[in-house]
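Thank you all for making the time this morning. I would like to walk you through one model, going from the contact between its chains to some details inside them.

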Amino acid sequence: MQLFPRSLNYLPLALAVGAAGLGVSVTFVFWYYFSPKNLQVGYAPEQPVDYSHKLHAGDLGIDCRYCHANVERSQEAMVPPTQTCMGCHSIVKKDSPKLAALRDSWDSGNPVQWVRVHKLPDHVFFDHSAHLAVGVGCVSCHGRVDQMDVVRLEEPISMGWCLDCHRDPQARLRPKDQITNMTWSGGDGELALAEVNPPEHCSGCHR
Amino acid sequence: MNKEKPSRSGSKIFWRSLEEKAQATSTEVGSDVVKATIGLGELNRLNRRNFLTLSGAIGTLAGIEGCIRRPAEKILPYSQTPADVNPGEALHYATVLRRREESVGILATCYEGRPTKLEGNPDHPTSQGGTDLLLQAEILELYDPDRARTPSKGGIEKSYAAFDAMLDDELGRLLGKRGAGLRILSQPTNSPSFMRLRQRVMQRFPEARFHNYAPVNDDNVRAGTSAAFGRPLEVLPRFDQAKVVLALDSDFLMTETGAVQAARQFGAKRHLDSAAGEMNRLYAVEPSLSVTGSNADHRLRLKASAIGEYLKGLAAELAAAGVPIPGLDAAVRGAKVEGIPETWLKAVAKELASHRGESLVVVGSRQPAAVHGLAHAINRALGNSGRTVSYTAPADAGARPSLEDIKALTADMVAGKVDTLIILGGNPVYDAPADLGFGEALNKVNISLAVTSHRNETADRTDWHLPRAHELESWGDQLSRAGRYAIQQPLIAALFDSRSDLDVLAALAASEQRGQALVRETAGERGIAEELAWQHLVQKGADERDAAQIFGGLPIQAGSLAQVLSAPAGGGEGLEAVFLTDNKLFDGRYTNNTWLLELPDPMTRITWDNAALLSPAGAKGLGVNNGDMVRVSAGDASVEMAAWIQPGMADGTVGLPLGWGRRKGGSNFHGAGFDVYPLRKSDAADIVQNVTVEKIRGSYSLSQTQDHDSMEGRPLAVDATLQEYRETPNFGQFASPDMSAGPLWQTQDYSQGQQWGMVIDLNGCIGCSACAVACQAENNVPVVGKEQVAKGREMHWLRLDRYYVGEDENEPEVAYQPIGCQHCEEAPCENVCPVNATSHSPEGLNDIAYNRCIGTRYCMNNCPYKVRRFNFLNFNLDIPETRQMQHNPSVTVRFRGVIEKCSYCVQRIQGARIVASREGREIADGDVVAACQQACPTGAIAFGNINDPNSAVSAKREVDRNYGLLSDVGTRPRTRFLGKIRNPNPEMKG
């Protein structure tokens, strides 16, 4: 007696193919969807002050280091203190309602609570000064900040992405006087300094 | 294996505890089984149902979490950046801290106004860059969340307004009677500002009186100089000038005043670059095995009360050897020296006599004045005065001896003469001599006020309590014993609303000035008035030179000294107790400090407790084993405490470490140790005669690291005598030869670039454990608690192994060995990691990426040095906010389930590399200093690039007595040790 129809003989095969397909799609979903490239890039939170890098760095052409003054001598690029803003804005647009939060901070001494866009995990130790010292430009990690009204995360800043550069630094380096230049091009690899030797071992970044 | 050691055969036994010695042949499997069962017991609490519930919940949460962005993180820049602050980079400020009666210069590391680590100030003479374990742990005192936060009255919190109103009221009343009845009890001071303000208070209240008290003090030292020279003086030994040192009950390397400086000087004389070098010789005579005694070339265990007689006997022998002590011939005649080996009199006398002007006799503060006085006379007769020892007047010249002063104060309190008592620091209710009844006497005082950091036993009994500012958050100044004027500058605004001693005194003196203004005025009076000069002083931390007048050869007042010496010594046949300044908690002031509580005691290796120390024979006589409860009674007082058998204790002596068993003022020390202060009486504050010790029911569980990480009796901390060293300079490598055959796999090329390596000179290691605490502070190493230590789960990245060497458990020689990760070039841990979480860097570092670790612990099991530590629990969970402020921001705080271990301070390596790269240069030798190396007071640790032939570490690696630990298993460790050299006197044999 034949209890099951003959077509059921293909069931194991169908199950196997289905399971494999499911496996592949789950892997793909995790691989793609849960990657920093998908989850992190594009993060552009609203900031307490409606500050436009496009206006300041792009249109007005202020050098990055005017505000991020310690970037060449500290691990932190340093979000500028209110003091830096007030250097201009106690004269320029001093009554603008958009700058109310800034003036509050200046009067009260309390910090402006900026929202962090480029966030590294706590076990990663990134040093701005070290990267600038060998000729990594701001734009390499932060993108065209000079075109952003609201700062947006451009790169995944994942470990794999870091290592892409650490394993092949030469193409990404530029002359040190071009570090803050957002539009510099010409990295043909010949400028790379012989002694640039970025770490690829664990303790290079994890301590 | 290892038996081929040429001159010293394998017959030498290395043992770590009496149990281990007794069971040298039995395996240690038993203890492992016990540990394993404990682990299983814990697992059983998680049954199948709970497990499924939890995993379901975790899965769901993980699913949700994966779809949601990490929480928004805020960046809070300064509104106005303070001068010099560069966010993200550390700044270093000079200040000064008190260590017993000495001031020690400090350089504090601060991140954005938050001090995280203390180092010695290389420009300050009492530190010269070195520190000790207490100075390293002081930073934790600052951030102690148990510190009092508001004024209180009778335990009820009050506002400063209420306090100030009360004080004004009270002072107004006192002004009427010229301050009669006003008493101020402080700790002994060396602060010029304190003394100046004290003067001002006395001007306002002429009838008031100041008292000083510290339970561990130098009363006897000053009484000794009074006996010898007719005036109280500070004694300044110069160990770097002495070839022969005789230490009588003196733990000058660890607990005596000026220990950091002494260790540095002593270390300099133990420094050997080759077999042709010279080193000093240390004789120690002491009742209880101290850190100094453990470093002695010859050690005699002797009851504390017999040490005076020994010194008399030695003085008589010195006279026979051609060094008469003028005017004291009669006084030293007929000393009771029965039972003391003849060599200890004759050979030591001969040695001292042949080293005139370059020998030194030092006496510990426990010994009575007569012994100190005689030692001064001997030093003078030997021509040592002015060469290996000099004297200065105390900074606080008029101070009465501590003990006398607290007696006088308590008597006045009982007699009702004290109306208002202000206690500035200290904890007299806990640590004043028990017979005085200080606590009860407080009831007779009209208004009492304690200004202490915690609401401790004293604050609990006073009417009012005021939080006292920590030295790292208040202005002050100090004079070293040699008179170096140093400024104590605050490194952080007061964490809690507290006041410093100076601020309280200024309020009493009706001065409007506070903090800096007070100190600045003192500096002005000392000739540092101009802004630039003041800035310079604050920046450097100390004045350029010592201001005190140094006395070299002072005449001995033989007549009065002879009289003091003729008084009978107290020693009898009965059992005698000695109070020991605790190696970790000092007098009890550090009792809430978890780093120190958990640090194994340098000698006993006990953590979280103290114990009554008995000699092996004494314990046998009582039938007592380690951990058995005993009752120690002296007169009408008795204390029940755990016993511990301490090799090297003098028979007939019981050692009682002070500072434990506290009851109020903190949350960490509850149940830690036993309070022995009840046995301490004002007439026997150092040595108590006719003590009885009896075994009582019960035993106590002591957590100690002694049997953990046992190295199975192999010769690890290799040692030899100077004689043997000269015969076989590379003796270390005989014991632990490097493997000649390479591994089977391809080896990495380490001949290029920076290659980091460390060399630890066992000859310089005195076992003080400063490195271990420094490592803990630098690397955010958690504290696990007594129960976890008992399970072998301590987390110290750097441990000190202490080995007893030799057959005789009564006269053990001691060898110390600091062990952190050896950074093997062929690391066994790396081969077994299934996820590649630990791997080798091209610079020879054994790296670990915490977030890759899945916690298999294979590496831990495969490490022959047992240096890898596993976070069995989340030790960093829920730690108070102030405590978190101490964390080094350059080091990851680890989570449960990951392995961690010594990283060679890789954060400091990377920091130095980045600074060098910014400046466009290569890392220079000395740019990278490991935390342990920096803390070491003797400079025993060298670290640097072994590929640079000119680096300090390369020079050390060239020294012939270097060897790698367990090199014969082929690990090729990057940390090398230099074998320990002992310098015995051949004439001391037999």
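In what sense do S1(A) and strand S2 of chain B pair, and over how many bridges? Before I answer, please keep in mind that this is a predicted model. The pairing of S1(A) with strand S2, residues 74-75 of chain B, is antiparallel, and it extends over 2 bridges. Within that pairing, the residue that A:Val115 faces in S2(B) is B:Lys74.

Let me now widen the view to the whole contact between the chains, to which chain A contributes 38 residues and chain B contributes 36 residues. On the side of chain A that touches chain B, the elements giving two or more residues are helix H5 (82-89), helix H6 (100-108), strand S1 (114-115) and helix H7 (128-134). Of these, H7(A) gives the most, with 4 residues. If we sort that side of chain A by class, we find 17 nonpolar, 14 polar and 7 charged residues.

Staying with chain A for a moment, its division is into domain 1, covering 6-34, domain 2, built from 53-79 + 116-204, and domain 3, covering 81-113. Between the C-alpha centres of domain 2 and domain 3 of chain A, the separation is 27 Å.

I turn next to chain B, and to a pair of helices there. Helix H13, residues 369-381, packs against helix H21, residues 558-566, with an angle of about 135° and with 9 Å between the axes. The two helices, H13(B) and H21(B), are therefore oblique to each other, and their crossing is left-handed. On the H13(B) side, the residues in contact are B:Ala369, B:Ala370, B:Gly373, B:Leu374 and B:Ala377, and they meet B:Leu561, B:Val564 and B:Leu565 of H21(B). By class, this contact comprises 7 nonpolar residues and 1 polar residue, with no charged ones.

Finally, chain B also holds an open sheet of 7 strands with mixed pairing, in the order S28-S22-S27-S24-S26-S25-S29. Why is one side of S28 and of S29 left without a neighbour in the sheet? Strand S28 (687-688) and strand S29 (692-699) of chain B stand at the edges, and each has a single partner strand, so one side of each has no neighbour there. Elsewhere in this chain, strand S24 (residues 612-614) and strand S27 (residues 653-657) run antiparallel and are joined by 2 bridges, and B:Leu613 has B:Gly655 of S27(B) as its bridge partner.

Definitions and conventions: Residues are numbered from 1 along each chain as its sequence is written. Chains are lettered from A and ligands numbered from 1 in the order in which they are written. This is a predicted model: local features need pLDDT of at least 70, side-chain atom pairs count only at pLDDT 80 or more; totals for chains, interfaces and linings use all residues. Two strands pair if DSSP finds at least two bridges between them. Axes are lines fitted to C-alpha atoms, for helices over the stretch in contact, and angles run from 0 to 180 degrees between N-to-C directions. Angles under 35 degrees count as roughly parallel, over 145 as roughly antiparallel, 65 to 115 as roughly perpendicular and the rest as oblique. A crossing is left-handed if the near helix is turned anticlockwise from the far one by less than a right angle, and right-handed if clockwise. Two residues are in contact if their C-beta atoms, placed from the backbone, lie within 7 Å. Ala, Val, Leu, Ile, Met, Phe, Trp, Tyr, Cys and Pro count as nonpolar, Asp, Glu, Lys and Arg as charged, and the others, Gly among them, as polar. Domain bounds come from an automatic or database domain assignment.
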